Structures are given as structure tokens and as C-alpha cells.
Amino acid sequence: MDTVSIARKLINKISIYCEEELSFMEVCGTHTHEISRSGIRSMLPQNLTLLSGPGCPVCVTDEGIIDTAIEILSDNDVVLATFGDMVRVRGSHESIWDQLDKRKSIVIVYSPLDCLEIAKNNPEKQVVFFAVGFETTAPGIALVTKLAYENKYNNLSILTSLKMMPPVLHSILKDKQRKIHGIICPGHVAAVMGAGYFRFITEEYDLSAAVCGFDTSNIAAGLYFLSKQSTADSGGAFLNLYRNCVKEEGNRAAIKIMGEVFDIEDGKWRGIGEIKKSSLIINERYSSFDALKRFSTRPKIFASKENCNCRDVLLGNIRPDECRLFGKACTPQKPSGPCMISAEGSCSAYYKYWEAGFYGG
């Protein structure tokens, strides 16, 4: 039996447990895309709603840090390296992409390790890696920082915008007005940090949660587990359905290097605001590779003025299609907010894989 058939079989059983209105949140952008691509949402009972959480790192990168990257680029000796999705997201006024018209040096990288080669091949330039992501990409960025330190690549520095997942989930789950009945935990983050990293969802909030892989049947199994658990008298339960990649304790080597290179501090999330102890920053030992210190600057303070509803989408208050701009003034070709710009954004996923009959554009 193929994965789609298995998924259909599991989803058909979900309606048995959906006697009341239920809302489950998937946090990872990859889960959001697979749910949309496979049509899972259209197969679910009408009283089961799937909400997308703040699992897109580009979407939650604050405007102020983008402005800082652009400011650093004003130095003609700077080469700015970053991931592809990041270049199109606007800061307070402009995007990194706009700087190409000003003949600034911008390089798209696929791996943080690419930055070491760029620095080695351009010794006369200051190479700045604008590093965004969650715990998934943080170990690789920590490794690059450590290798630059050990190999004396003194023309490489890191501008970090690295976020941690538990603090934002705490922020969402503490809000009693949000009716969330279960969480699909981000499989990529769990592969690094371990299944135990997310057990607080059940232990502190008595809410069921499942760590899922990314194929259709694994996601369907997670939804089936959450639906079944919603009728149980025992309260919330936790299940790791991604055991071939996710261990309870996580990847110890990755966690170790993160602890060696980073400290934790408060962080500002685009569209959400400041969240305590939610950001990873380069610690004192490696501070000479911190771009903020090297260029004697700080993240800019900027009050978000998004004209779309990205904030409510990121927090799971609404579905992307409930935004007044979705599919009209906001499309991937002409995005109004970061959730449509990034390939991992939930608005992008909804638009790209819109279920037949729901979107006629």
C-alpha cells in the first residue's frame, strides 16, 4: 500500500473522533507545504481545522536586522552572503535584493560552509554571512563560526538572526483565547534537539503533541493520533512518529557545538514582537566573528507596518486564505508580506498548492 493510500485510510478514521470543533497546529513550514501539496486539508472533516504556526525562519526575521544587513552592505568592501529566500524580504524600506541595483556584492549560498570558501577566495573583502534559521540550521552556523576562528578567517563574520522554537510555542499556548487542541511538532528541529525538546507541550499544557516526519502517511498518522487523543479521558499525550530520524535526546554533537558557540538572549520576531530568551547570539569567546561587533552597529528598532495579516497567520489565529489580501493584492509574484515571499511561508504554500475548487486564480 502506497503512502497516499495509507494516509487516506487514516484520515477516513479521523471523523470518528471529531465530534466537536478541533484545531491542530503544524509548526514546520515543510509540514505546511506537504499538507497543502498532498491535499490532506481537503480530505479532513469540516470541523477539523489545521493552522500553520511560526515555523518559517525567513518570515519571522525582523525588519530591523534586515536594515542592519543593508547598512553593513553600504561598506564597499563587504560581500554579503545569505540564503535565497532572505534577499527578497523587505526591511523597513528596502530588501537586500534592491541593493543589487546599487552594485552591492551579494552572494546566495546553499550551505553555511560555502561562506568559508568565499572568505578564503576573497581575502581583500569582508565577507558577512546573514544567518537566519531555527535550531535546524544553528549547528551548521556554529560550525562555520568555530572553523573561521580556528583557521583565522578574519575576514568572515556572522550576522545572526537565529530563533528558538520552544519560547514562541510557550507564547502561543499561554494565550487561553487560542483554541488549539494539538500540535504537530517540527520534525527538523526535533531531529537536532530531540523529541524530549517538545515534551513540555504535554507536560505543561496538558496538550497532545506528535513529532512527525514529512511524508503524507506520517503526517496523517500524527493527525489521527491527535484526533483520537482529543476524546481520551487521560488528557494530553506525546508521541514520536519520526523515530528513524528523531531520538529522545537529539543529536548530541550538534547540541554541543551550539552550546559552545552561542548564548541565548531575548529576540524580536517579525509580526509577533519580542519573546524572552528566544534568540541565539554569538558568545564572548567568538565575539570577534560577530558582525554587529565588527561593524560597531546594532539591530535597528523598527515598528512593523505590514499591510497584510502575516502576524495572525504566524500565530495561528487565521488561515492564510482568511487574509484580505491573499490571492488578490498578495501573490508570490507580488507579495505583500514575508509569509508569501518565502518558499517556506504558509501563504506561499496555500497559494501554490491551493486545493481544487477553493481557488480559481
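What percentage of the 361 residues of the protein count as buried? In this predicted model, the share of residues that count as buried is 58%. The protein contains 15 helices and 11 strands, and its C-alpha atoms, taken along the principal axes, fill a box of roughly 65 × 45 × 40 Å. When contacts between residues at least 6 apart in sequence are considered, 77% of them join residues at least 24 apart.

The packing of one pair of helices can be described in further detail. Two packed helices are described by the angle between their axes together with the distance between those axes. Helix H6, which spans residues 138-150, and helix H11, which spans residues 252-261, have axes that come within 9 Å and cross at roughly 55°. The crossing in which H6 passes H11 is left-handed.

On the side of H6, the contact is made by Ala-138, Pro-139, Ala-142, Leu-143, Thr-145 and Lys-146, while H11 contributes Ala-254, Ile-257, Met-258, Glu-260 and Val-261. Sorted by class, the residues in the contact of H6 with H11 comprise eight that are nonpolar, one that is polar and two that are charged.

Terms used: Residues numbered from 1 in each chain as written. Predicted model: local features only at pLDDT ≥ 70, side-chain atom pairs only at ≥ 80, totals over all residues. Heavy atoms only, no water. Axes fitted to C-alpha atoms, helices over the stretch in contact; angles between N-to-C directions. Helix = DSSP H or I, 4+ residues; strand = E, 2+ residues; numbered from the N terminus. Left-handed = near helix turned anticlockwise from the far one by under 90°. Contact = heavy atoms within 4.5 Å. Nonpolar A, V, L, I, M, F, W, Y, C, P; charged D, E, K, R; others polar. Buried < 20%, exposed > 50% of the residue type's maximum accessible area, 1.4 Å probe, protein only.
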